[in-house]
Amino acid sequence: MIKGFIFDLDGVITDTAEYHYLAWRELANKLGISIDRKFNEQLKGISRTDSLEKILNYGGKSQTYSEAEKNELADEKNKEYQKLIQSITPADLLPGMAEFLAEIKAANLKLGLASASKNGPFILKRLGIANLFDTVVDPESLKKGKPDPEIFTKGAKQLGLTIPECVGIEDAEAGIESINAAGMFSVGVGSPEAMRFSDIYVAKTAELNLEMIQKQIKS
Ligand code: B16
Ligand code: MG
């Protein structure tokens, strides 16, 4: 019996990937590295420090900076990102999400957030949905990020639920891997190719609804 849903943020609840991209592109340009939207796909669901490593590797500069300098670069990106997310409003919820979250709450199910983003709580507030969430996993408390199962396992624990009582929802391959490794039922949002390892998937957030997911779990 399903008692709770654990959501990813970027790409499921709202599309912050574009803001991450713009902020990383600005930093990469300064470092003489050129990235495009295709490259940015690899950064989805990946932590800030891992994203910087991927960009530096891509630009052949993985050995150029000290740890302290890398921290400064990651901070610089985050400052730019934080400027961009100030303008987020409830209109930035992805299609169908306001309804889907309301449906979950109306059924008295619990809601958790399992986002790699340290800006997650601020974004939930800007979207006007922070009060719907029973718990938010703090990504700084994790030993390992996605695809490690820790973030979803911790989410279930924080909700006071067992793994089989929870459903995880993700748009990134690393995220689906994380849910599956936790032993939780996984719902993917995205193309059949990208979501090939999820238990079920939908192409768009507008297709998410409680009845459909509950039926698929029973069958
Ligand atoms: P921050 P998710 C992830 O969010 C993003 O997809 C990823 O691009 C970003 O680097 C990561 O959060 C960390 O974000 O720099 O704000 O801490 O998909 O896990 O909700
Ligand atoms: Mg995501």
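Asparagine 108 sits in the loop between helix H5 (97-106) and strand S2 (110-113). Its phi is positive, about 60°, although asparagine 108 is not a glycine. This is a predicted model: local features need pLDDT of at least 70, side-chain atom pairs count only at pLDDT 80 or more, and totals for chains, interfaces and linings use all residues. Residues are numbered from 1 along each chain as its sequence is written, chains are lettered from A and ligands numbered from 1 in the order in which they are written, and side-chain values use heavy atoms, with hydrogens and water left out. Helices (H or I, at least four residues) and strands (E, at least two) are DSSP runs, numbered from the N terminus.

**Backbone**

- A cis peptide bond runs from lysine 146 to proline 147, with omega near 15°.
- Proline 147 belongs to the loop between strand S3 (135-136) and H7.

**H1 and H4**

- Helix H1 (residues 17-30) packs with helix H4 (residues 67-85) at an angle of about 140°, and their axes are 9 Å apart. Axes are lines fitted to C-alpha atoms, for helices over the stretch in contact, and angles run from 0 to 180 degrees between N-to-C directions.
- That angle makes H1 oblique to H4. Angles under 35 degrees count as roughly parallel, over 145 as roughly antiparallel, 65 to 115 as roughly perpendicular and the rest as oblique.
- H1 and H4 cross in a right-handed way. A crossing is left-handed if the near helix is turned anticlockwise from the far one by less than a right angle, and right-handed if clockwise.
- On the H1 side, the contact (heavy atoms within 4.5 Å) uses Tyr19, His20, Leu22, Ala23, Trp24, Glu26, Leu27 and Lys30. On the H4 side are Leu73, Glu76, Lys77, Glu80, Tyr81, Leu84 and Ile85.
- The contact of H1 with H4 has nine nonpolar, one polar and five charged residues. Ala, Val, Leu, Ile, Met, Phe, Trp, Tyr, Cys and Pro count as nonpolar, Asp, Glu, Lys and Arg as charged, and the others, Gly among them, as polar.

**H3 and H4**

- H3 packs with H4 at about 105°, with axes 10 Å apart.
- H3 and H4 are therefore roughly perpendicular to each other.
- By class, the contact of H3 with H4 has four nonpolar, one polar and three charged residues.

**H7 and H8**

- Helix H7 (residues 150-159) meets helix H8 (residues 173-182) at an angle of about 55°, and the axes lie 7 Å apart.
- That makes H7 oblique to H8.
- The crossing of H7 and H8 is right-handed.
- H7 brings Ile151, Phe152 and Thr153 to the contact, and H8 brings Gly175, Ser178, Ile179 and Ala182.
- The contact of H7 with H8 has four nonpolar, three polar and no charged residues.

**Pockets**

- The largest pocket has a volume of about 560 Å³. On a 1 Å grid over the protein atoms alone, a pocket is an open set of points where a 1.4 Å probe fits, with protein on both sides within 12 Å along at least five of seven lines; lining residues have an atom within 4 Å of a point. Grid points are joined across faces, edges and corners, and a volume is the space filled by probe spheres set on the points.
- The largest pocket has 34 lining residues, and Ile46, Ser47, Arg48, Ala116 and Ser117 lie nearest its centre.
- H1, helix H3 (48-58) and H4 each give two or more residues to this lining. H3 gives the most, with four residues.
- The lining of the largest pocket has ten nonpolar, twelve polar and twelve charged residues.
- The second largest pocket holds about 380 Å³ of space.
- Its lining has 19 residues, with Glu41, Lys44, Asp171, Ala172 and Val189 closest to the centre.
- By class, the lining of the second largest pocket has nine nonpolar, five polar and five charged residues.
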